[in-house]
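Here is a short report for a first look at this protein.

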Amino acid sequence: MGKLKKAYLAGGCFWGMEDLFRTQEGIKDTEVGYLGGENKNPTYRNHPGHAEGIEITYDPEETSFTALLDYFFRIHNPTTLDRQGNDMGSSYRSAIFFQNEAEKKEAEEMIIIVNDSQKWDAKVVTSLEPFEEFWPAEPEHQDYLLRYPNGYTCHFERFEESYLK
């Protein structure tokens with residue numbers, strides 16, 4: 001196993017995203033938390049401007065950032081602004097938090113691919129935001145759907161087929 005990398009994504013309630021990503025090849029760890037907001041040390045009750053997101057630790061010898069983005073765009077609706085399922089507000093926005101220019105470029109290219117696929121009835125509204133800091137959520141939110149298998153989620157594989165052909 002080589003040097004592990006991290007990716008930061010937001011696409012609605014963090015529980016569902018974490019539950020699906022943890023099963024993907026090359027994923028070594030997932031953690032839910034808050035990204036891109038106004039305050040330090042955000043909490044579930046106080047996270048203005050933050051998105052509910054996930055930190056994905058992956059092995060780049062087994063998967064790639066682009067492959068993560070491909071899956072990300074298949075498990076949530078990237079065309080709804082500040083909304084996933086019943087969850088509404090900027091906390092539930094679709095966002096990619098890029099750590100460098102290479103990730104930003106890959107994200108921009110993936111958005112073009114997703115739009116060109118015409119799998120969605122509208123254009124992608126996923127924001128590209130520079131990564132600043134990841135704040136882990138409280139322990140009760142970590143691995144939530146492992147502990148409560150019938151718990152709330154609005155995430156599922158909408159498309160089995162990869163956008164990458």
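## Terms and model

A residue is buried when its relative accessible area is under 20%, exposed when that area is over 50%, and partly exposed in between (1.4 Å probe, protein chains only). Helices (H or I, at least four residues) and strands (E, at least two) are DSSP runs, numbered from the N terminus.

This is a predicted model: local features need pLDDT of at least 70, side-chain atom pairs count only at pLDDT 80 or more, and totals for chains, interfaces and linings use all residues. Residues are numbered from 1 along each chain as its sequence is written, and side-chain values use heavy atoms, with hydrogens and water left out.

## An enclosed helix

Helix 1 is largely enclosed by the rest of the structure, because seven of its eight residues are buried. Those buried residues are Phe14, Trp15, Gly16, Met17, Glu18, Leu20 and Phe21. They pack against strand 1, strand 2, strand 3, helix 2 and helix 4. Contact here means heavy atoms within 4.5 Å.

## Two nonpolar cores

A nonpolar core is a set of buried Ala, Val, Leu, Ile, Met, Phe, Trp, Tyr and Cys residues joined through side-chain atoms within 4.5 Å. The largest one has 34 residues, and Leu9, Phe21, Ile56, Phe73 and Ile96 touch the most other members. Elements giving it two or more residues include helix 1 (14-21), strand 2 (27-35), strand 3 (51-58) and helix 3 (101-117). Helix 2 provides the largest share, seven residues.

Beyond four places in sequence, Ile96 touches several residues, among them Tyr8, Leu9, Phe72, Phe73 and Leu128. A second, separate core of seven residues includes Tyr8, Ala51, Ala95 and Phe97.

## Aromatic rings

Rings of Phe, Tyr and Trp (its six-membered ring) pair if their centres lie within 6.5 Å; planes under 30 degrees apart count as stacked, over 60 as edge-to-face and the rest as tilted. By this rule there are nine aromatic pairs. Tyr8 and Phe134 form a tilted one, 5.7 Å centre to centre with 45° between the planes. This pair links distant parts of the chain: Tyr8 is in strand 1 (residues 5-11) and Phe134 is in strand 8 (residues 134-136), 126 residues apart. Tyr8 is buried at 5% relative accessible area, and Phe134 is buried at 10%. The rings of Phe72 and Phe73 have centres 5.1 Å apart and planes at 65°, so they are edge-to-face. Ring pairs also link Tyr8, Phe131 and Phe134 into a cluster.

Some rings carry a charge over the face (NZ of Lys or CZ of Arg within 6 Å of the ring centre and within 35 degrees of the ring normal). Lys119 lies over Tyr163, at 4.7 Å from the ring centre. The charged end of Arg158 sits over Phe156, 4.1 Å from the ring centre.

Where does Ser91 lie? Ser91 is in the loop between strand 5 (87-88) and strand 6 (94-98). Ser91 is buried, with a relative accessible area of 14%. A 2.9 Å polar contact joins its side chain to that of His47. Such a contact is a pair of N or O atoms within 3.5 Å; within protein, one must be able to donate a hydrogen and the other to accept it, and residues adjacent in sequence count only if both atoms are side-chain atoms.

Asp70 is placed in helix 2 and is buried at 4% relative accessible area. Beyond four places in sequence, Asp70 is in contact with Met110, Ser162, Tyr163 and Leu164.
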